[in-house]
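Open the model in your viewer and keep the sequence panel beside it. The tour moves from one selection to the next.

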Amino acid sequence: MTQQAIVFSTHSAHKLAEVQALLRGKINFLSLSDIGFHQEIPEPYETLEENAKAKVEAVYAAVNKPVFAEDTGLFVEALGGKPGVYSARYAGEPSDPEANITKLLQELEGANNRKAYFKTVICFFDGTTFHFVEGICNGTIAPQRSGTQGFGYDPVFIPEGNTLSFAEMVSEDKNKVSHRAKAFQHFMMLLEQSPSNELYAH
Ligand code: IMP
């Protein structure tokens, strides 16, 4: 059976690389550059679900193929869940990962409670229905940056049960425990349950 094209709606090279590694040998997908989609997609909403859906809708309207997208936030307990859905623009626009970390460390200066979690929500539109799955990774915010791998808040996020930050881990190790890895495991389960599963299978 011919494999149906499925598109991952992201302009983030970091997310694309992680998801390529997570889905390798499981699903082939097209990136936005593969399909020549270069428009910025606004993410104006207050939930990860709505932003992920907006990324899917913009691309589906252009290519009319099944599309998935993800939206991720860092939720810090002592900050009442901030920066949450606003993680990319925490220190203002344009999005600046270094400035975001600096602001986060300042806000948490002296805090005893440094618990946080990353949450990834995936939205998948199969042409008929919007499906949502998610993944969470619990951890803590370190008092200073360490490591050079990964992206975003990785230098200050230490996943539960580890002593290294995500940025000190090789990508294979981050991909064993991360929010994105868990969300994409759920995504695979969703596709396996779908009646048209073999259309997307590798
Ligand atoms: P968005 O999903 O692209 O809106 O990402 C939200 C913010 O979280 C951005 O600042 C990203 O850099 C950051 N972010 C997303 N995923 C990760 C991750 O796996 N590690 C660290 N930061 C991340």
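Leaving aside neighbours within four places in sequence, which residues is Lys 174 in contact with? Select Lys 174 and look for Glu 18, Phe 151, Asp 154, Phe 166, Met 169, His 179 and Arg 180. Contact here means heavy atoms within 4.5 Å.

A word on the numbers before going on. This is a predicted model, in which local features need pLDDT of at least 70 and side-chain atom pairs count only at pLDDT 80 or more, while totals for chains, interfaces and linings use all residues. Residues are numbered from 1 along each chain as its sequence is written, and side-chain values use heavy atoms, with hydrogens and water left out.

**Stop 1**

Helices (H or I, at least four residues) and strands (E, at least two) are DSSP runs, numbered from the N terminus. Lys 174 is buried, at 3% relative accessible area. Buried means under 20% relative accessible area, exposed over 50%, and partly exposed in between (1.4 Å probe, protein chains only).

Now show the ligand. Of the 15 residues around it, Lys 15, Asp 154, Lys 174, His 179 and Arg 180 come nearest; a residue counts as near if one of its heavy atoms lies within 4 Å. From a polar side-chain atom of Lys 174, expect 2.9 Å. From a backbone N or O atom of Thr 72, expect 2.9 Å. From a side-chain N or O atom of His 179, expect 2.8 Å. The protein covers 90% of the 480 Å² of accessible area that the ligand has on its own. Accessible areas come from the Shrake-Rupley method with a 1.4 Å probe; for residues, only the protein chains shown count as cover.

**Stop 2: strand 2**

Select residues 67-76, which form strand 2. Ten of its ten residues are buried, so the strand is largely enclosed by the rest of the structure. One side carries Val 67, Ala 69, Asp 71, Gly 73 and Phe 75. The other carries Phe 68, Glu 70, Thr 72, Leu 74 and Val 76.

Two strands pair if DSSP finds at least two bridges between them. Strand 1 (residues 7-8) is parallel to strand 2, with two bridges; find Val 7 opposite Val 67. Strand 4 runs antiparallel to strand 2, joined by ten bridges. Strand 3 (residues 83-84) is also antiparallel to strand 2, with two bridges. Centre on Leu 74: Phe 118 of strand 4 stands opposite, and so does Gly 84 of strand 3. In the hairpin of strands 2 and 3, check Gly 80, where phi is positive, near 65°.

**Stop 3**

Follow strand 4 to strand 5 (residues 130-141), an antiparallel pair with eleven bridges. Phe 124 faces His 131 here. In their hairpin, with four residues between the strands, Gly 127 has a positive phi near 105°. Strand 5 then pairs antiparallel with strand 6 (residues 157-159) over three bridges. Thr 140 and Ile 158 are bridge partners.

**Stop 4: the cores**

Which members of the largest nonpolar core touch the most others? Select Leu 23, Phe 29, Phe 68, Phe 184 and Phe 187, out of 19 residues. Helix 1 (13-23), strand 4 (115-125) and helix 5 (179-193) each give two or more residues. Helix 5 gives the most, with seven. A nonpolar core is a set of buried Ala, Val, Leu, Ile, Met, Phe, Trp, Tyr and Cys residues joined through side-chain atoms within 4.5 Å.

Technical notes. A polar contact is a pair of N or O atoms within 3.5 Å; within protein, one must be able to donate a hydrogen and the other to accept it, and residues adjacent in sequence count only if both atoms are side-chain atoms.
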